[in-house]
Amino acid sequence: MSTLSLDHVSRWFGNVVAVNDITMTIGPGVTGLLGPNGAGKSTLINMMGGFLAPSTGTVTLDGQPVWRNEEIYRHIGIVPEREAMYDFLTGREFVLANAELHGLGAKEAQRALATVEMEYAQDRRIATYSKGMRQRVKMASALVHDPSLLLLDEPFNGMDPRQRMQLMDLLRRMGDEGRTVLFSSHILEEVEQLARHIEVVVAGRHAASGDFRRIRRLMTDRPHRYLVRSSDDRALAAALIADPSTSGIEVDHAEGALRIQAVDFARFTALLPRVARDQGIRLLTVSPSDESLESVFSYLVAA
């Protein structure tokens, strides 16, 4: 069992701050690193894996610094997001090369390929692999030395549904065995299916931490904004604004619609159709106007 700790970690590139003063602890089991694209997830994973030095702060594994610590590297497996691989090698040769770097051999490489169900294509060149197959052979390479810490950067990209389920089952088993597994994703439902614990990052900052229910509750309880068109916008607005679930309504003349801010999501979604029915108002359009991940995560940062 391993515990990964980040203590006030920042990383900047010139004038760009990619990670800003993040402190978190990742323990055994499966943890999801959730955030929109460009949030700093890959930079964080590179620092966790020892590929990148923090500009300030420390990253430790079981109390030992990760950066430039050869012994610690033997306990870490990493699956990077980037596509670049040695396409002229076969899958078996690629995994074997990493095994040999750890002082291991063909037996361990074969075991790792079997673990990710890539034996059938192990003698084909990587240049012929689909994106999902490339992800799986990268996974085999990361597992060849049986690491206690596994870091995966957007591991499900390019996988078909069957491949995704296989990888999810594999990561669950590893978490249940007591390994520390962290994977990044910008897809909330992906994290929900797999992670027991979630860390949320936005614009390089640590926005939230907890189990899925807590993170979902934070997201659901935030103010929601809707664009609503109806047969009688003024009457609808007058009825809705009287209810505490609605904190503000604006008439958007350009859109010919109402822009409504709701502070009680569950109450408002029940209220709107009831008010329309009681007042004989036809609802023509009801659409969320702030449902992007970026808007949700930005609210978590400000909360």
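**Group meeting: cores and ring pairs**

Okay, let's start with two residues: tyrosine 226 and phenylalanine 268 are both buried, where buried means under 20% relative accessible area with a 1.4 Å probe, protein chains only, exposed means over 50%, and partly exposed is in between.

Quick housekeeping. This is a predicted model, where local features need pLDDT of at least 70, side-chain atom pairs count only at pLDDT 80 or more, and totals for chains, interfaces and linings use all residues. Residues are numbered from 1 along each chain as its sequence is written, and side-chain values use heavy atoms, with hydrogens and water left out.

Now the overall picture. The protein chain has 11 helices and 14 strands; those are DSSP runs numbered from the N terminus, with helices being H or I of at least four residues and strands E of at least two. Along the principal axes, the C-alpha atoms fill a box of roughly 75 × 45 × 35 Å. There are 303 residues, and 48% of them count as buried. Taking contacts, meaning heavy atoms within 4.5 Å, between residues at least 6 apart in sequence, 67% join residues at least 24 apart.

On to the inside. A nonpolar core here is a set of buried Ala, Val, Leu, Ile, Met, Phe, Trp, Tyr and Cys residues joined through side-chain atoms within 4.5 Å. The largest one has 45 residues, and those with the most contacts inside it include Val95, Met139, Phe156 and Phe183. Helix H5, residues 131–143, gives the most to this core, with 6 residues. Apart from it lies another core, of 24 residues, among them Ile45, Val66, Ile78 and Val201. Back to valine 95: leaving out residues up to four places away in sequence, its contacts include Ala109, Leu113, Val137 and Val144.

So, the rings. Phe, Tyr and Trp rings (the six-membered one for Trp) pair if their centres lie within 6.5 Å; planes under 30 degrees apart are stacked, over 60 edge-to-face, the rest tilted. That rule gives 3 aromatic pairs. One of them is phenylalanine 156 with phenylalanine 183, edge-to-face, 5.9 Å centre to centre and 85° between the planes. Phenylalanine 156 sits in the loop between strand S7 (149–153) and helix H6 (161–176), while phenylalanine 183 is in strand S8 (180–185), 27 residues apart. Relative accessible area is 2% for phenylalanine 156 and 0% for phenylalanine 183.

And why is the tyrosine 226 and phenylalanine 268 pair stacked? Because the ring centres are 5.2 Å apart and the planes are at 25°. Tyrosine 226 lies in strand S11 (224–230) and phenylalanine 268 in helix H10 (265–279), so the pair ties together parts 42 residues apart in sequence.
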